[in-house]
Every structure is written in C-alpha cells, then in structure tokens.
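Thanks, everyone. Let me put the structure up, and then I'll walk through a few parts of it.

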Amino acid sequence: VTVATSGAEDGQTVTLTLNSNDYTGSVNTNSTSITVAAVDLQALTDGATYDMSANVSDAAGNAATEFTTSAGNGQFTVDTSIPTVNHVEANVSSASYKIGDTIGVQVVFTEAVVVSGGTPQITLETGTSDAVVDYDSGSGSTTLLFNYVVAEGHIASDLDYASTSALALNSGTIKDAAGNDATLTLVSPSNAGSLGHNKDIVIDGIMPTMTIASTTRGVTD
C-alpha cells in the first residue's frame, strides 16, 4: 500500500492500522510517499471495506490530513473468496435437438467473474467427435454463456460436458473483480449440478439415409 503525504519529514515513520494490526514504513521526501509493508489480508475481515484516511498516522499518533493511495480513493474492500462453478445449465428446454440447432450452455459461478485475454472453452460429450464450444458472453456477471451448435455426426442421449476438467481457459483468464483466479473444476458428469443432471437434452446429428433395393420377378409364358 503506497501512501503519499504532505508536510512529512524525511525518515518519519508512518503507521497504517487495520484490524488492530500495524503496518509501518518511512517517508522519503524525494517522492513524498512511503510504501507500507504488505498488508496481511488474512488478518482482515473478508468482505469488509476499509478507509485508510482514518487509519494513517505518524509515530506521535497524529492522523494524516492529506494523502493518496494505490487503492485510488483511500478505500479498499477485502476479497479473499475464490470463485467456483456452482452448476452448469442450459437456456433451452429438455427436448431433442437436430443439426443446426443452438443450445446455450450456461456455466454459473458463485460470484461475478470477468473474462479477459483468450477465449475460454467447454468440451461437450457428443459421441465419437466431442464438441469444443467457445465462450460467447457474460463477463462481469455470475453466468458465462457458451453457444453450442449441433453439428453433423454429434449424438448424445443426455447432453453433458466431457469431464470435470471440460472448462478450459484457452489462453484467457476468468477472475473475480478483486483479481482472484476462478477454480474451473466441474462436478462429475451426470451428478447434481451438472448439465446432464439439470436438463434432459437429446442430440441427434445423424443424417437419415435411404437404401433402394431392386428385385427381379420371374416372367412366365
């Protein structure tokens, strides 16, 4: 945490007090700032917002009257919670779907997440050729959408993702607003919380074929 002060003396000790824990640093008048030792977030209250303007003082206990911080407005919220996948859903009804139909696969997290960088993907179990589906939208919310389009050859009696590791970053990132990386592990396919458990979706991507057979009839005089 960096605190810039006015009127501070070179070498003066400044203390930041949070949750009865003191973090100290020395003023450098060349930069009119001090860098307080790294704050132990585990010692603070998860979810609480702290206002450093009321917690910065010199060694004599005088409160700082003017400062800026790397947190912007002098306030920061502690967030040590890791986002995880709550469940996987679909935005269509339980039914049968054919080639060309679109099924929105929804990955729902325990808190809002932000997608950046590459394009995350989820792999669906669709027979001999699994469907790898790109992330479409939902960044900044709890639900990420992956639009799956049924392709020729795909088949499933109860559509589900391929495994517990079917959700992949693909060079992207999925984080919460505080920058905590999301845990991408999914529950086992067909178990409670999985796509297959939440919806009964049948995939039929097999084209019908027609066979013409000829027969020879005997001719009598």
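Where is His87 found? His87 is in strand S9. Strands here are DSSP runs of E with at least two residues, and they are numbered from the N terminus.

A word on the source. This is a predicted model, so local features need pLDDT of at least 70, side-chain atom pairs count only at pLDDT 80 or more, and totals for chains, interfaces and linings use all residues. Residues are numbered from 1 along each chain as its sequence is written, and side-chain values use heavy atoms, with hydrogens and water left out.

Back to His87. The cut-offs: buried is under 20%, exposed is over 50%, partly exposed is in between, with a 1.4 Å probe and protein chains only. What does His87 touch? Leaving out residues up to four places away in sequence, the list is Gln106, Val107, Val108, Gly193 and Asn198. Contact means heavy atoms within 4.5 Å. Take Val108: 21 residues from His87 in sequence, yet 5.4 Å away in space, C-alpha to C-alpha.

Next, the hairpins. Strand S13, residues 121–125, pairs with strand S14, residues 131–137. The sense is antiparallel, over four bridges. Pairing requires that DSSP finds at least two bridges between the strands. Thr123 stands opposite Val132 in S14. Five residues lie between these strands, and in this hairpin Gly127 takes a positive phi near 90°.

S14 then joins strand S15, residues 143–149. These also run antiparallel, with two bridges. Here Tyr135 stands opposite Phe146 in S15. Again there are five residues between the strands, and Gly138 has a positive phi near 115°.

Now the core. Which residues touch the most other members of the largest nonpolar core? Ile103, Phe109 and Ile122, out of 32 residues. By nonpolar core I mean buried Ala, Val, Leu, Ile, Met, Phe, Trp, Tyr and Cys residues joined through side-chain atoms within 4.5 Å. Strands S9 (85–90), S11 (102–109), S13, S14 and S15 each give two or more residues to this core. S11 gives the largest share, four residues.

Look at Ile122. Beyond four places away in sequence, Ile122 touches residues including Val105, Val107, Val132, Phe146 and Leu186.

There is also a second, separate core of five residues. Among them are Leu18, Leu44, Tyr50 and Val78.
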